[in-house]
Amino acid sequence: MLTGTSTQAYDDVRSNKSETNWVLLDYESDRSDKLVVTQSGAGGLPELREALDLNKASYAYVRVTYSNDKESQREKFIFVVWIGPGCKVMRKAKISVHAADVKAVLRVYSLEVAAREKDDLNEDPIVVRLRKAGGASYDGV
């Protein structure tokens, strides 16, 4: 279901030596269940949001960097399941099964985000969720 380039792209997002902080996996075609890396970048969630197709279902893996206070910066990873508003019914029906397979490859993440609209991937609410999931919070959030 996943290609070898998927694993390499995942490793790039996880690596401190790579500027790549997101990768997008799309189905090879409407009739295929094979996923391929279609895009990646260094522009974080805002860039990923622009890359999403409203008529597709996709998966993304994103490194999110945020500050807890003046002295610390954290990096967390999120797994995104994107189902665009124009996604076909049969594709939507297969997403939950395929998501389990994708998670076997993109396996280390702090938060899973199910996105139906691009606004579901606004950074501020996601950072709030990451802080809550991460335990210690020094700024009252």
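User: Where is Ser-18 found?

Analyst: Ser-18 sits in the loop between α1 (4–14) and β1 (22–27). Helices (H or I, at least four residues) and strands (E, at least two) are DSSP runs numbered from the N terminus. This is a predicted model, in which local features need pLDDT of at least 70 and side-chain atom pairs count only at pLDDT 80 or more, while totals for chains, interfaces and linings use all residues. Residues are numbered from 1 along each chain as its sequence is written, and side-chain values use heavy atoms, with hydrogens and water left out.

User: Is Ser-18 buried or exposed?

Analyst: Ser-18 is buried, because its relative accessible area is 17%, and buried means under 20%, with exposed over 50% and partly exposed in between (1.4 Å probe, protein chains only).

User: What is Ser-18 in contact with, leaving aside neighbours within four places in sequence?

Analyst: Asp-12 and Arg-63. Contact here means heavy atoms within 4.5 Å.

User: Which side chain does Ser-58 make a polar contact with?

Analyst: That of Asp-26, at 2.2 Å. A polar contact is a pair of N or O atoms within 3.5 Å; within protein, one must be able to donate a hydrogen and the other to accept it, and residues adjacent in sequence count only if both atoms are side-chain atoms. Not counting residues up to four places away in sequence, Ser-58 touches Leu-24, Leu-25, Asp-26, Val-80, Val-81 and Trp-82.

User: Now the sheet. What is the strand order?

Analyst: The order is β2-β1-β3-β4-β5, an open sheet of 5 strands with mixed pairing. Two strands pair if DSSP finds at least two bridges between them. β2 and β5 (111–115) are the edge strands, each pairing on one side only. From one strand to the next, the twist averages 25°. Axes are lines fitted to C-alpha atoms, for helices over the stretch in contact, and angles run from 0 to 180 degrees between N-to-C directions.

User: How do β1 and β3 run, parallel or antiparallel?

Analyst: Antiparallel, joined by 5 bridges. Leu-24 has Ala-60 of β3 as its bridge partner.

User: And how many bridges join β3 to β4?

Analyst: 12, and these two strands run antiparallel. They form a hairpin with 2 residues between them. Val-62 has Ile-78 in β4 as its bridge partner.

User: What about β4 and β5, parallel or antiparallel?

Analyst: Parallel, with 5 bridges. Val-81 stands opposite Ala-114 in β5. The chain gets from β4 to β5 through helix α3 (residues 89–105), in a right-handed β-α-β crossover. Right-handed means that, with the strands pointing away from the viewer, the path from the first strand over the helix to the second runs clockwise.

User: Switching to helices. Which residues of α2 are buried?

Analyst: In helix α2 (residues 44–51) they are Gly-44, Leu-45, Leu-48, Arg-49 and Ala-51. They lie on the same side of α2, because they cover an arc of only 160° around the axis, the arc being that of the directions from the helix axis to the C-beta atoms.

User: What do the buried residues of α2 pack against?

Analyst: β1, β2 (35–41), β3, β4 (72–83) and α4 (123–133).

User: Where does α4 lie?

Analyst: Across β3, β4 and β5, running at about 70° to β3.
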